[in-house]
Amino acid sequence: MAFDLARGLVVFALVGSASACFEDAPDQGSGPAEGSGSAEGGTMGGPTTGDPDGSSGIDGTGVDAECPAGFSCAASIPGGWQGPVARFIGPDPALPACGGDYPYLETEARSGLQAAPAECTSCACGEPSGVECDGPLLRMYTNLTCSGAPSLQFELGAHDECTVFGEFGIAIDGMDVDPVVQLPGTGACSPSGGDATLSDPSWTNHLRACGGAPDAGACGDGGSCLPTPGNPLAPGVCIWSEGDLPCPPGAYALRNVFYDGYDDARGCSACECGDSSGADCQAIVEVHYNSSCSNLRASIDDPMAGTCYNVDDGGGYAPRSGRMIVYGTEGGACPPEGGQPMGVASPAQPVTFCCTQ
């Protein structure tokens, strides 16, 4: 058979170019071991599946029978996919730029999203407002020491509500009064805090896909002879498409999903305030001669527990009504609730890579 000198020179030039494209690249090993799983953050290598004789794709031996030395047969690209590309995989700062036989950057993607929970400022509650005060119990005695059993006792109503005692012919001399306290379930506090600070997420793996390789001729069933990727490129070539997709049947059988972004739902639960308690009610307790709280007999400002108050008028009359007048409240507190980290960041904008190795 006659030897075509011109064709031989072209092949020799292409082979020389392929063998020299990574000659000066740093020795970074072959990158992370690759497997065929589709889990986010996985890798993409391992034994070739789907085409053991290498007739429709790169077979891992480095040379295809139909292609010059240093070239392998890359199967035709199915519709809807892009490539073929060679790829670098590893931590982002360690990835080389595209160059040599695969000079053009086609796409980049990531896997292994890591995002710390939100940092939340502490929740706090202001002083309660809208506090109401509970009407105290009055105990009235026929002596000035409030000793023995009380002759009469009544519980007063809410602020400025007149409580009628009735008609009694008992001479009342002493009276003790429970302290006026906050009515449970009243009062509310305004919450503050719970602001979120979010750290930037990171990725454990980055993939840089490089294309633009020289074509040394047709091979297989519509395939092309492309330079066989070598260190620091990962072995084999890939096709890729946006979305989380199954790999097409054929040589490009090893699938992995990387991502081009993330959705961030991290934050802090809302700050809330529990029931208020402990407010100091400032009130006057009055007793009156008549049944309409309009004929004052005695008044006690901020009654104290254990104190017997002298309400003897010298006439031997029993009081007929009483009321509590609240003129102020102070203090009190609400327990803060919430302000806890919630939500996560999740990978988004998937990109599927299907590779020969």
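The accessible surface of the protein chain, in this predicted model, comes to about 17300 Å², and carbon and sulfur atoms hold 52% of that area. Accessible areas follow the Shrake-Rupley method with a 1.4 Å probe, and for residues only the protein chains shown count as cover. Of the 357 residues in the chain, 40% count as buried; buried means under 20% relative accessible area, exposed over 50%, and partly exposed in between (1.4 Å probe, protein chains only).

Residue numbers start from 1 along each chain as its sequence is written. Because the model is predicted, local features need pLDDT of at least 70 and side-chain atom pairs count only at pLDDT 80 or more, while totals for chains, interfaces and linings use all residues, and side-chain values use heavy atoms, with hydrogens and water left out.

The protein chain has one helix and 27 strands. Helices (H or I, at least four residues) and strands (E, at least two) are DSSP runs, numbered from the N terminus. Among contacts in the chain with a separation of 6 or more, 81% join residues 24 or more positions apart; contact means heavy atoms within 4.5 Å.

T107, in strand β3 (residues 104-114), counts as buried because its relative accessibility is 14%. Apart from its neighbours within four places in sequence, T107 is in contact with L207, R208, A209, W240 and F353.

A patch of negative charge on the surface gathers E127, D280, D301, D302 and E330. Patches are made of residues with over 30% relative accessible area and no salt bridge, where like charges are joined within 9 Å and nonpolar side chains (Val, Leu, Ile, Met, Phe, Trp, Tyr) within 5 Å. A salt bridge is a side-chain nitrogen of Lys or Arg within 4 Å of a carboxyl oxygen of Asp or Glu. Asp and Glu count as negative, Lys and Arg as positive, and His and the chain ends are not counted. The place of a charge is NZ of Lys, CZ of Arg, CG of Asp or CD of Glu. D302 is partly exposed at 31% and sits in the loop between β22 (296-301) and β23 (309-310).

| Site | Feature | Value |
|---|---|---|
| G83 to P84 | cis peptide bond | omega near -10 degrees |
| N231 to P232 | cis peptide bond | omega near 15 degrees |
| D160 | positive phi, not a glycine | about 65 degrees |
| D302 | positive phi, not a glycine | near 50 degrees |

P84 is placed in strand β2 (residues 82-90), whereas P232 lies in the loop between β16 (223-227) and β17 (238-242). D160 belongs to the loop between β8 (152-155) and β9 (163-164) and is partly exposed, with 42% relative accessibility.
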